[in-house]
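Have the sequence and the 3D view open side by side, and let's walk through this model together.

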Amino acid sequence: MSLRLEMLQVARLAPSVLGPDASELIQDFVRSQQRTNGGFVDRDGTADLYYTSFAIDALTALQTDLPESTQGFLTAQSPEELDFVHTCCLARTLSAFSKIPPAQPILDSLESWRSNDGGYNQKPDAETGSTYACFLAYGAYADHSLIPPSPDGIRDCLTSLQSPSGAWSNDTEIPVPNVPATAAAVSLSRNLQMPIPDTTAPWILQCAQPQGGFVPFPGAPLPDLLTTAVALHALDGLQADFNHLVEPCLDFIDTLWSNEGGFHGNWEDDSLDLEYTYYGLLALGHLAL
């Protein structure tokens, strides 16, 4: 199962927590973010592949029909004009539409983003890879039932970014272990059959806050929805017990919910967007298990 489908399998459980009325509000919010060219908008109101990928995954999680017009938006993209992240998003979103031709040329273009250590990096010609980029690249291939060339390069990159605490940094430029990078590494390690330290789950759990939610690293000032969602996803993958966190996390997520149908990213975020709305669904799905 691809990384995307692993998350969607859980996010599909969110409506059991939300109820039908709130689920319908989310559907309406997501659809309201679509533009006439078929794409879904970023925070500036511009149709964007990154946000389109989250919109399609949110609608898939809510088990509602996907807009056919999005297929036209996807096929109009020129991979050679895209950066690494948007290329991965294009491959990922194409996999949701069975009528679109295979994405092998798009996947082939990802190999130009290989770092010299065998991983992937969002920056061209990088010496070392990043956990996030390895996660995106592996996921893009897996969405099309493929494995990236030279998976040992990804393994070596992840090993180099692992800290003695059992957590992972995202890259060598800022070698600070954090929850999003660790959650990505956990998913990759499970799929690549790499050993995961026994200390990884306790390290993630220490980032849980008494009032609910997870902070991205110990001592960070605010919990946020993305970190909370991926922390729960990693803990579930590690089969770690987080039952004591269910009610505080539900309360935390409720504070970020808007009856406009979307979610805020954290308590200081005044905007609603498709990315955090998807992460709201993913987090609620794990709390429904």
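**Charged pairs, a helix and a core**

Arg114 counts as buried, because its relative accessibility is 17%; here buried means under 20% relative accessible area, exposed means over 50%, and partly exposed is in between, with a 1.4 Å probe and protein chains only. Before going on, please note that this is a predicted model, in which local features need pLDDT of at least 70, side-chain atom pairs count only at pLDDT 80 or more, and totals for chains, interfaces and linings use all residues. Residues are numbered from 1 along each chain as its sequence is written, and side-chain values use heavy atoms, with hydrogens and water left out.

The partner of Arg114 is Glu111: the two form a salt bridge whose closest N and O atoms are 2.9 Å apart. The term salt bridge stands for a side-chain nitrogen of Lys or Arg within 4 Å of a carboxyl oxygen of Asp or Glu. Glu111 is partly exposed, at 25% relative accessible area.

The whole structure holds eight salt bridges. One of them joins the side chains of Arg92 and Asp57, at 2.6 Å from N to O. Arg92 belongs to helix 6 and Asp57 to helix 4 (residues 49-61), so this pair ties together parts that are 35 residues apart in sequence. Helices here are DSSP runs of H or I with at least four residues, numbered from the N terminus. Both partners are buried: Arg92 has a relative accessibility of 14%, and Asp57 has a relative accessible area of 1%. Arg4 joins Asp57 and Arg92 in a network of salt bridges.

Arg4 also leads us to Ser95, which touches Arg4, Asp143 and His144, leaving aside residues up to four places away in sequence; a contact means heavy atoms within 4.5 Å. Ser95 sits in the loop between helix 6 (84-94) and helix 7 (104-110) and is partly exposed, with a relative accessible area of 24%. Ser95 and Ser145 are 50 residues apart in sequence, yet their C-alpha atoms are 9.7 Å apart in space.

Another salt bridge to look for is the one between the side chains of Lys123 and Glu173, at 3.2 Å from N to O. Lys123 lies in the loop between helix 7 and helix 8, and Glu173 in the loop between helix 9 and helix 10, so the pair ties together parts that are 50 residues apart in sequence. Lys123 is partly exposed at 46% relative accessibility, while Glu173 is exposed at 59%.

Now turn to helix 9 (residues 151-161). Which of its residues are buried? They are Gly153, Ile154, Cys157, Leu158 and Leu161. These residues are on the same side of helix 9 because they cover an arc of only 135° around the axis, taken from the directions from the helix axis to the C-beta atoms. Asp156 and Thr159, on the other side of helix 9, are exposed. The buried residues of helix 9 pack against helix 8 (131-142) and helix 10 (179-191).

In soluble globular proteins, nonpolar side chains tend to be buried together. The largest nonpolar core here has 98 residues, and Val30, Phe84, Phe214, Tyr279 and Leu281 touch the most other members. Such a core is a set of buried Ala, Val, Leu, Ile, Met, Phe, Trp, Tyr and Cys residues joined through side-chain atoms within 4.5 Å. Tyr279, for example, touches Phe54, Leu225, Leu226, Ala229 and Val230, not counting residues up to four places away in sequence.

Conventions:
Helices (H or I, at least four residues) and strands (E, at least two) are DSSP runs, numbered from the N terminus.
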